[in-house]
Amino acid sequence: MGEVRVRIAPSPSGNLHVGTARTALFNYLFAKKTGGKFILRVEDTDKERSSEAYIKNIFDSLKAMGLNWDEGPDVGGPYAPYTQSEKFDVYQKYAKELMDKGFAYECYCTQDELEEEKQTCINEKRPHIYSGRCRDLSEEDKAKFKREGRKPAIRFKMPSKIMKFHDVIKGDLEFDTSLMGDFVIMKSNGTPTYNFAVVIDDMQMAMTHIIRGEDHISNTPKQIAIYEALGAKVPEFAHVGMILAPDRTKLSKRHGATAVSDFIEQGYLPEAFVNFVALLGWTPSDSVEIKKLENIISDFSLESISPSNSVFEFDKLNWMNGQYIRSMDNSELTRRAMKYMEKYDTSEYSQEKLEEIVASVKEPITVLSEITDAVEYYFGEDVTYNVEAQDILNLPEAKEVLTKSIDLVNSFDFSDHDGLVEKLMAFRKSFENVKPKTVMWIIRAALTGRLRGSELSAVFTILGKDRVLHRINKAL
RNA sequence: AGCGGCAUCGUCUAGGGGUUAGGAUCACAGAUUCUCAUUCUGUUGACACGGGUUCGAAUCCCGUUGCCGCCGCCA
């Protein structure tokens, strides 16, 4: 077998979808594993629904996930162009070839006629298949239709037979193509339909394996028929199950995020996202689930992908993202967290201090966007107290604790963190009738306005003596 | 309606004629503790149903059911 060539062929009619992202990932993994090429092709034959903004989103998302392509619209390659709208003439050429060889014919049916035919089938409870009434149109008929101003579409003559093919993931598949009817390959406006354009491109671009969602299984016999009519080599197929929302319907806007960029925007790390998505259908052989892309590559195989659909649940994604956040080094984490701290004046802190802040709040965080709220009390002179904090500060013992804590703070050497912790630990146990935990709560409430957050020692050192005293006095 | 695919804890999955049906996540409990959390330990929880083949079926076969997909001059 020669070099493996696989592709991801998104249609730029929306941002990069989670399902497309996973298909891209599997293609990428397979290419890297086999030393082959991963190609990006833009399927924008439907001009109305395609846009530049979506193309950019798709490219950016793929790059963010680390799925870099060897050939594509931007980087070029030996089979350029990699954008379908730039090669309409090519499809026309092949459509003509198919007509010349008798594999295709012009169809002058109007939308209304087609619709009527379909309704009849439905009423008679027959499968709705195009009748093929234009198969044997005479030249006079054609001329007549043309005079009426009708523009022909081109249909492929679907041979009637039992078509069998092997799918790397699903196994042996069998279809009765007599149930499919002659389908359109060129629309009357001169542009190709999906089923035709993919085949032409995959053939021209010498794809060896077609790895895609199982929503394309039923299209496969049609595509194979075109390959055969063209005398081209049929590639291997591998159909991956669908990704479903928790309610087991198709993942859509109403379930929240569906685009990779939505997830990144919310603060999911692209590397965590890729890792999670890989686990939808693929399992590491050593059962270590947290794995970098390069380690997944060596362990990957197409055959081991699960044939069934999988439900996309946030629980595990959140857990995994938290794992990535906690294991990331602080300077990198801070760099990525900056955009979630834009509402604050971060200039009051040095880079080093900012890293301390981020490090001190990162533990409970599952998505980066939670940083915004988590660091709130590190900015500004005063804090606002939430309900829990108010209750604690209203405790009768609060006044005593806070008053005494002023002496404690005055005794601190803010440059000696260990010493500070030692004094703090002693302080919390120094009350006879106030529990250590409550002592800490009172101070925490005064300094941060809440009962949860960074370790208190970190709050002290980051805030600094002046602001600590200010907040204690304010609380008093 | 027809055609195709799929079916193991709630979810992601391992396994694939004889297993205490394994792991991860979630939930719950305990331990640790500068609050919450993290971390650690433990617990609950599954082979869709009915036939068949077999000494033996969750595993193979058939059927049923359920879910998903396709039946477009969308991709």
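Reply: Helices here are DSSP runs of H or I with at least four residues, numbered from the N terminus. The model is a predicted one.

H18 comprises 13 residues, and its first and last C-alpha atoms are 18 Å apart, close to the 18 Å expected at 1.5 Å a residue. Its buried residues are Val439, Trp441, Ile442, Ile443, Arg444, Ala445, Ala446, Leu447 and Thr448. The cover over these buried residues includes helix H15 (387-393), helix H16 (398-411), H17, H19 and helix H20 (465-475). Just after H18, Gly449 adopts a positive phi of about 80°.

H18 also belongs to the surroundings of RNA strand B: along with strand S6 (171-176), strand S11 (310-311), helix H11 (314-327), helix H17 (417-428) and helix H19 (456-463), it supplies at least two residues of the surface near that strand. The largest share comes from H11, with 4 residues. Of the 63 residues around RNA strand B, those that come nearest are Ser11, Tyr194, Ser308, Pro364 and Ser457. By class, this surface holds 23 nonpolar, 20 polar and 20 charged residues.

Helix H4 (residues 111-123) likewise has 13 residues and reaches 18 Å from first to last C-alpha, close to the 18 Å expected at 1.5 Å a residue. H4 is hardly covered, with a count of 0 buried residues among its 13. Lys125 follows H4 and has a positive phi, near 55°.

Notes
Residues numbered from 1 in each chain as written. Chains lettered and ligands numbered in written order. Predicted model: local features only at pLDDT ≥ 70, side-chain atom pairs only at ≥ 80, totals over all residues. Near = placed C-beta within 6 Å. Nonpolar A, V, L, I, M, F, W, Y, C, P; charged D, E, K, R; others polar. Expected span 1.5 Å × (residues − 1). Buried ≥ 20, exposed ≤ 12 C-beta atoms within 10 Å, placed from the backbone. Contact = placed C-beta atoms within 7 Å.
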